[in-house]
Amino acid sequence: MNKEQEEKKDETKVVETPQKETAKKPEGNKRRNQLPTREEIISAWSPKTKLGHDVKDGKIKNIDEILDNNKKILEYEIVDSLLNVKSDLLSIGQSKGKFGGGKRRAWRQTQRKTKEGNVPTFSTLAVIGDENGHVGVGSGKSNETLPARDKAVKKAKLNVIKIKRTCGGFDCACSELHSVPFKVIGKSGSVKVTLIPASQGTGLVVANELKKVLKLAGIKDVYSRTQGRKRTTFNLIKACMNALKKINIQKEITKNE
Ligand SMILES: [Zn+2]
């Protein structure tokens with residue numbers, strides 16, 4: 001009798017364990033605040049464009065093949081497949097409230113007046129990059145903060161550009177790609193950003209928000225000069241991106257000569 005009872009107990013235990021395991025995974029508790037990982041994005045991706053199929057099938061293995069041919073990237077998963085990018089949010093908004101408010105925030109909050117009341121809209125600016133010569137900036141808008149961020153990150157991936165870097169310093173003769181090759185100027189609105197080559201160890205002598213962009217681009221040392229209303233972060237970032245784009249164009253011209 002005792003043996004039988006023990007056997008029965010064992011059986012019930014075996015049956016019980018899988019139930020417990022399934023009960024431990026409530027689906028609603030998924031990491032909502034975090035962006036999907038690179039693996040999750042790639043495995044869930046079913047390409048819609050020809051370029052997407054080429055990337056998924058492994059015909060294109062380097063993002064430079066796409067960027068050098070000026071092909072338009074329409075699926076952000078392409079960038080995730082070819083680059084291991086990090087993302088960051090740029091502070092374009094400011095908090096409201098007592099004691100002045102005005103603290104820098106990643107979300108710019110605006111309101112629409114309707115019959116039902118005030119409807120808030122959140123917009124944000126995201127930057128992505130592989131810290132190795134590829135960077136992109138994109139904006140997103142939504143009724144809530146997290147969808148706005150997701151949109152911005154996706155758009156930033158679609159806007160990815162390649163940046164040529166060299167050892168730029170006058171008194172530096174290393175072989176690392178740590179600065180911009182020459183002085184470039186980018187403009188947006190009233191803001192003008194000048195990026196100037198610097199030798200190793202200088203660091204990023206730029207506005208805080210530009211640091212995020214240049215760091216993700218893989219530029220470690222640079223001097224800068226900004227003119228205009230640079231508190232408008234949006235224009236400041238755009239001007240910086242324009243300057244970085246200019247590097248590519250100017251280099252091509254010198255090549256052709
Ligand atoms: Zn150097």
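Leaving aside its neighbours within four places in sequence, which residues is Val 79 in contact with?

A: This is a predicted model. Beyond its neighbours within four places in sequence, Val 79 contacts Ile 63, Ile 73, Val 85, Lys 157 and Val 160.

Now the setting. Val 79 belongs to the largest nonpolar core, a set of 50 residues. Val 79 is listed there among the residues with the most contacts inside the core, along with Val 127, Val 213 and Cys 240. Helix H8, residues 233–256, gives the most to this core: eight residues.

Next, the chain as a whole. It has 257 residues, and 29% of them count as buried. Eight helices and 11 strands make up its list of elements. Take the contacts between residues at least 6 apart in sequence: 58% of these join residues at least 24 apart.

For contrast, turn to Asn 118. This residue is found in strand S5, residues 117–129. Not counting residues up to four places away in sequence, Asn 118 touches Gln 111 and Lys 113.

Four strands form an open sheet in the order S8-S9-S11-S10, with mixed pairing. S8 (184–188) and S10 (204–205) stand at the edges; each has a single partner strand, so one side of each is left without a neighbour in the sheet. S8 pairs with S9, residues 191–197, in the antiparallel sense over five bridges. Within S9, Val 193 stands opposite Gly 186.

How values were computed. Residues are numbered from 1 along each chain as its sequence is written. This is a predicted model: local features need pLDDT of at least 70, side-chain atom pairs count only at pLDDT 80 or more; totals for chains, interfaces and linings use all residues. Helices (H or I, at least four residues) and strands (E, at least two) are DSSP runs, numbered from the N terminus. Two residues are in contact if their C-beta atoms, placed from the backbone, lie within 7 Å. A residue is buried if 20 or more other C-beta atoms lie within 10 Å of its own, exposed if 12 or fewer, and partly exposed in between; C-beta atoms are placed from the backbone. A nonpolar core is a set of buried Ala, Val, Leu, Ile, Met, Phe, Trp, Tyr and Cys residues joined through C-beta atoms within 7 Å. Two strands pair if DSSP finds at least two bridges between them.
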